[in-house]
Amino acid sequence: MPLPDDEHTGARIAHHRKRAGLTQRGLVQKVPYSYSLLTQVESGHKPASPDLVAAVAKALSIDVTALTGQPYVTELQQDRLAALVRPIREALDLYDLGADPAITPRPTPQLITAAHTLCQQVRATKLHDAALDLPGTMAEITTAAYRTPSSELWAALSSTYRTAHDLAVKLGYYDLSTVALDRMDWAASRASDPLLSAVRQYMRALVYFREGEYTIGQRLVASGQGLLQQSPQARERHAVAGQLHLGASIIAARAHDEDAVKNHLEEARSYADRTGEATDVHWLSFGPTNVTVHAVSARVEMRHYGEALQEAAKVRIPQDWAVSRAAHFYVDQARAQMETGRSEAALKSIVTARKLAPQQTRYHAGARETIRGLIHLSRRTPDSLDHLAAWVGL
């Protein structure tokens, strides 16, 4: 039977396909997926994978969020996200207004610590706390940077813009994430930090990855690698270079370029051998663990689900790893488990992701689609799955 509600991603695909004047067979001619799969996704019998959603959005010339439904109206009302996001939008718009005479900033070391704390909150998926604290911190550092300019303050301001980007992506506000990345580049150039600029190119590449523009994403990664040549800090340079290769591996996987996936993962491993677990570099999670986690993600993107589970079995997540990254791994693992008929294991993985990062998992389109798929596969929905479905609003 089709899924009970008509607001799933497949239904949105059907709606926008019809608005574009396309039949199902007409759309299939524009995307690398079968007619059978499209009909099952539109009817709700199969979940819409992120790669299919990106391909359809590109073919129909619409934003991915038009299909995923993020941000979700019900959750916006429950969590009052709109009230959280508006001050962030306003704080991002202060960048060229100079110092605010009404603000007396804290000393520079305290402001740098405040910027770091925001990054910690996002990595710990304390999204509500970070969203509340960010606008005031951003405004304060903006004023301090104009009054007493220094590389440290501009770098701290760039870090707050990155936090705004991370929050926007996790909550589904992709338009806001793009604005935040522009501000991040503006501040990074004033900090004269090529590593920050390279990280920004990596994050821009992921924006295009979500939208299905893989060629632009690959060019941005290459641009980031070029920027790194200006940095004298070897370990930090290697960590960022390795992370860029990991991003490139996922972009290549979405483009079904298996040779490129293999090459980028091998390059990333060579850097990880030199850096170890480099979680202290610009709030990245680079290191041997993240290389293996990306190997899982790449195989999921290429729909090699059995191989993805083989790689997942090798993952040993460090205790101090960012819970946001760990939760993402469990969502990927759940998708591979569901696609290989291991529904009970997939449910456990989703539950683990929820325990680690409840807010992030609730808004994660992949988690929602996996839960939806598990509901369809289950003849008798387990109580725990019923609870999860209600929790994400299905």
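## Exercises on helix packing, cavity, pocket and aromatic pairs

**Exercise 1.** Describe how helix α12 packs against helix α14.

Helix α12 (residues 194-210) and helix α14 (residues 234-254) pack with their axes 10 Å apart, at an angle of about 10°. Axes are lines fitted to C-alpha atoms, for helices over the stretch in contact, and angles run from 0 to 180 degrees between N-to-C directions. Helices (H or I, at least four residues) are DSSP runs, numbered from the N terminus. The angle therefore makes α12 roughly parallel to α14; angles under 35 degrees count as roughly parallel, over 145 as roughly antiparallel.

This is a predicted model, in which local features need pLDDT of at least 70 and side-chain atom pairs count only at pLDDT 80 or more, while totals for chains, interfaces and linings use all residues. Residues are numbered from 1 along each chain as its sequence is written, and side-chain values use heavy atoms, with hydrogens and water left out.

Next, list the contact (heavy atoms within 4.5 Å). From α12 come Leu195, Ala198, Val199, Tyr202, Ala205 and Phe209; they meet residues of α14 including Glu236, Arg237, Val240 and Arg254. By class, this contact of α12 with α14 has ten nonpolar, two polar and three charged residues. Here Ala, Val, Leu, Ile, Met, Phe, Trp, Tyr, Cys and Pro count as nonpolar, Asp, Glu, Lys and Arg as charged, and the others, Gly among them, as polar.

**Exercise 2.** Describe how α13 packs against α14.

The axes of helix α13 (residues 214-228) and α14 come within 10 Å and cross at roughly 170°. The two helices are therefore roughly antiparallel to each other. Among the residues in contact are Tyr214, Gln218 and Leu228 of α13, and Arg237, His245 and Arg254 of α14. The contact of α13 with α14 divides into nine nonpolar, five polar and two charged residues.

**Exercise 3.** Find the residues that line the largest cavity, and state their classes.

On a 1 Å grid over the protein atoms alone, a cavity is a set of points where a 1.4 Å probe fits but cannot get out; lining residues have an atom within 4 Å of a point. Grid points are joined across faces, edges and corners, and a volume is the space filled by probe spheres set on the points. The search finds one cavity of 30 Å³ or more. Val85, Ile88, Ala164, Leu167, Ala168, Leu171, Tyr173 and Leu176 line the largest cavity. Helix α10 gives the largest share, four residues. The classes are eight nonpolar, no polar and no charged.

**Exercise 4.** Characterise the second largest pocket.

A pocket is an open set with protein on both sides within 12 Å along at least five of seven lines. Of its 25 lining residues, the closest to its centre are His116, Ala155, Asp193, Leu196 and His282. The largest share of the lining, seven residues, comes from α10. Its lining has eleven nonpolar, eight polar and six charged residues.

**Exercise 5.** How many aromatic pairs does the structure hold?

There are six aromatic pairs. Rings of Phe, Tyr and Trp (its six-membered ring) pair if their centres lie within 6.5 Å; planes under 30 degrees apart count as stacked, over 60 as edge-to-face and the rest as tilted. One of the pairs, tyrosine 146 with tryptophan 186, is tilted, at 6.5 Å centre to centre and 40° between the planes. Tyrosine 146 lies in helix α9 (residues 127-147) and tryptophan 186 in helix α11 (residues 174-191), so the pair ties together parts that are 40 residues apart in sequence.

Note on methods. Angles under 35 degrees count as roughly parallel, over 145 as roughly antiparallel, 65 to 115 as roughly perpendicular and the rest as oblique.
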